[in-house]
Each structure stands twice: as C-alpha cells, then as structure tokens.
Amino acid sequence: MSDLSVSPDLLAAAPQRPQVNARMRETAEAFEASFLSQMLKPMFEGLSTDGPFGGGQAENTWRSFMIDAMAKQTVRAGGIGLADQVMSEMLKMQELSQ
C-alpha cells in the first residue's frame, strides 16, 4: 500500500518537474536516435560510391553523419517507440529512488 501523505521536499521540487521530464524525454530520444543509427549503419555498408553520380571518398567520409541525421529525423517523426519505453523506465526508476 502506498502512503498518501506528501513530503514537503516533494512539493518543493514540483515546479521543477516539467524541466526534469523534458530533460528525461530529450535523453530518451537521444538514446533512440543512437540506437537507430547503429541499426541503419549495416544497411549502408554494402553500397558502392562509384559511378557517375556516386560521391566517392567524400561520401564514405560523411556517410555516418547522414545516417545520424536520418536517425534523428526518424525520432522527430515519431520514431519506433523506444524513447517512450525508455522514458517510462526512467520515470519508474526515479520513483523508486525518492
């Protein structure tokens, strides 16, 4: 059973809660973007950069940045739901530590 009384410390921290949640959300989305980036890398490893429209060595050099940008855009567009799960677990862990 849970105790229904609220500690004064918890009430003092209440105004900061939206900021904490926003930072946790940002962290969860950064984690999802990093995960997606790692999952996308093998998909591009076999692509050839030769040919008339290939980027050559420069394309190989900047490909990781393109993959990271694609992953971040995927998260901004709704992602795969990993950030939601991470956020949920972070909130659970925060409740346990209080």
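Modeller: What follows is a set of questions and answers about the labels used for this structure.

Modeller: Please keep in mind that this is a predicted model, where local features need pLDDT of at least 70, side-chain atom pairs count only at pLDDT 80 or more, and totals for chains, interfaces and linings use all residues. Residues are numbered from 1 along each chain as its sequence is written, and side-chain values use heavy atoms, with hydrogens and water left out.

Biologist: Thanks! What makes up the order of elements along the protein chain?

Modeller: From the N terminus on, the order is α-α-α-α, with four helices and zero strands. Helices (H or I, at least four residues) and strands (E, at least two) are DSSP runs, numbered from the N terminus.

Biologist: How do you know whether Ser37 is buried or exposed?

Modeller: Ser37, in helix α2, has a relative accessible area of 4%. Buried means under 20%, exposed over 50%, and partly exposed in between (1.4 Å probe, protein chains only). The value of 4% is under 20%, so Ser37 is buried.

Biologist: Which residues is Ser37 in contact with, leaving aside its neighbours within four places in sequence?

Modeller: Those are Ile67, Asp68 and Ala71. Contact means heavy atoms within 4.5 Å.

Biologist: What makes up the largest nonpolar core?

Modeller: Seven residues do: Ala33, Leu36, Leu40, Phe44, Ile67, Ala71 and Val75. The elements that give two or more residues to this core are α2 and α3 (56-76), and α2 brings the largest share, four residues. The name has a rule behind it: a nonpolar core is a set of buried Ala, Val, Leu, Ile, Met, Phe, Trp, Tyr and Cys residues joined through side-chain atoms within 4.5 Å. In soluble globular proteins, nonpolar side chains tend to be buried together.

Biologist: Is Arg63 buried or exposed, and how do you know?

Modeller: Arg63 has a relative accessibility of 10%. That is under 20%, so Arg63 counts as buried. Arg63 sits in helix α3, and, leaving aside neighbours within four places in sequence, Arg63 is in contact with Phe44, Leu47 and Thr49.

Biologist: Why are Trp62 and Phe65 called a tilted pair?

Modeller: A pair of aromatic rings is described by the distance of the centres and the angle of the planes. Rings of Phe, Tyr and Trp (its six-membered ring) pair if their centres lie within 6.5 Å; planes under 30 degrees apart count as stacked, over 60 as edge-to-face and the rest as tilted. By this rule the count comes to one aromatic pair. For Trp62 and Phe65, the centres are 5.2 Å apart and the planes 40 degrees apart, so the two form a tilted aromatic pair. Both residues lie in helix α3, three residues apart, about one turn of the helix.

Biologist: How do you know whether Trp62 is buried or exposed?

Modeller: Trp62 has 54% relative accessibility, which is over 50%, so Trp62 counts as exposed. Phe65, at 51%, counts as exposed too.

Biologist: Why is the link between Arg25 and Asp84 called a salt bridge?

Modeller: A salt bridge is a side-chain nitrogen of Lys or Arg within 4 Å of a carboxyl oxygen of Asp or Glu. The N to O distance for Arg25 and Asp84 is 2.8 Å, which is within 4 Å, so the pair is a salt bridge. The pair links distant parts of the chain, with Arg25 in helix α2 and Asp84 in helix α4 (residues 82-97), 59 residues apart.

Biologist: Which residue forms a salt bridge with Arg25 at 3.4 Å?

Modeller: That is Glu29. Arg25 and Glu29 both lie in helix α2, four residues apart, about one turn of the helix. Arg25 has a relative accessible area of 28%, so Arg25 is partly exposed.

Biologist: How many salt bridges does the structure hold?

Modeller: The structure holds four. Among them is Glu89 with Lys92, the closest N and O atoms being 3.5 Å apart. Glu89 and Lys92 both lie in helix α4, three residues apart.
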